[in-house]
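Please read this briefing next to the sequence and the 3D view.

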Amino acid sequence: MANELRNRDFNVFDPMNDFFGDFGKNFFNSVAGNQMKTDVIENEDNYVVSSELPGFKKDEIHLDYNNDTLSIHATHDLSKEDTNKEGKVLRKERTSSNIARAFYLPDIDIDNVSADYDGGILKITLPKQAVKDEEAHKIDIN
């Protein structure tokens, strides 16, 4: 029983934890739910980065590679307005999302990096540069 309780994920949206109400759902979605879930896979020839960015448009996502670091930044503003039959505004809500992640991925062939965005998934392929085998250099001691 103790292991079941310890291994059970704490979910603030669980009916047992509903004392947060809508405030809790909105607060925790904005704090924890906006994390960009990302997989980084390294193989012999390249790195493949896959990030979940549901709800974002392609032009709201910005990629940058600088100092051996891939940066992903996504931002958007949403507005929702509810009106009654007479057209009077009953409620007007605004939401802004701004998320970013950075990954250290050294020795990239920056000229051949490719990125695709489909169905809320951003997939970036970063080919590795061919590392030149340097000859050992003997250093004489004076």
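**Core and overall layout**

The largest nonpolar core has 17 residues, and those with the most contacts inside it are Leu53, Leu70, Ile72, Leu105 and Leu126. At least two residues of this core come from each of β2 (46–52), β3 (61–66), β4 (69–83), β5 (89–104) and β7 (121–127). A nonpolar core is a set of buried Ala, Val, Leu, Ile, Met, Phe, Trp, Tyr and Cys residues joined through side-chain atoms within 4.5 Å. Buried means under 20% relative accessible area, exposed over 50%, and partly exposed in between (1.4 Å probe, protein chains only).

This is a predicted model, in which local features need pLDDT of at least 70 and side-chain atom pairs count only at pLDDT 80 or more, while totals for chains, interfaces and linings use all residues. Residues are numbered from 1 along each chain as its sequence is written, and side-chain values use heavy atoms, with hydrogens and water left out.

**Fold and contacts**

- From the N terminus on, the order of elements is α-α-β-β-β-β-β-β-β.
- Of the 142 residues in the chain, 21% are buried.
- Among contacts (heavy atoms within 4.5 Å) in the chain between residues at least 6 apart in sequence, 47% join residues at least 24 apart.
- Leaving aside residues up to four places away in sequence, Leu70 touches Val49, Asp64, Tyr65, Arg101, Ala102, Phe103, Leu105, Ile124 and Leu126.

**Strands β1 and β2**

- Strand β1 (residues 38–42) pairs with β2 in the antiparallel sense over five bridges; two strands pair if DSSP finds at least two bridges between them.
- The two strands β1 and β2 form a hairpin, with three residues between them.
- Glu42 has Tyr47 in β2 as its bridge partner.

**Lys128 and its partners**

- One salt bridge is found in a search of the whole structure; the term means a side-chain nitrogen of Lys or Arg within 4 Å of a carboxyl oxygen of Asp or Glu.
- Lys128 forms a salt bridge with Glu42, and the closest N and O atoms are 2.6 Å apart.
- Lys128 lies in the segment after β7 and Glu42 in strand β1, so the pair ties together parts that are 86 residues apart in sequence.
- Lys128 is partly exposed, with a relative accessible area of 23%, whereas Glu42 is exposed at 52%.
- The charged end of Lys128 also sits over the ring of Tyr47, 5.1 Å from its centre; this requires NZ of Lys or CZ of Arg within 6 Å of the ring centre and within 35 degrees of the ring normal.

Note on methods
Helices (H or I, at least four residues) and strands (E, at least two) are DSSP runs, numbered from the N terminus.
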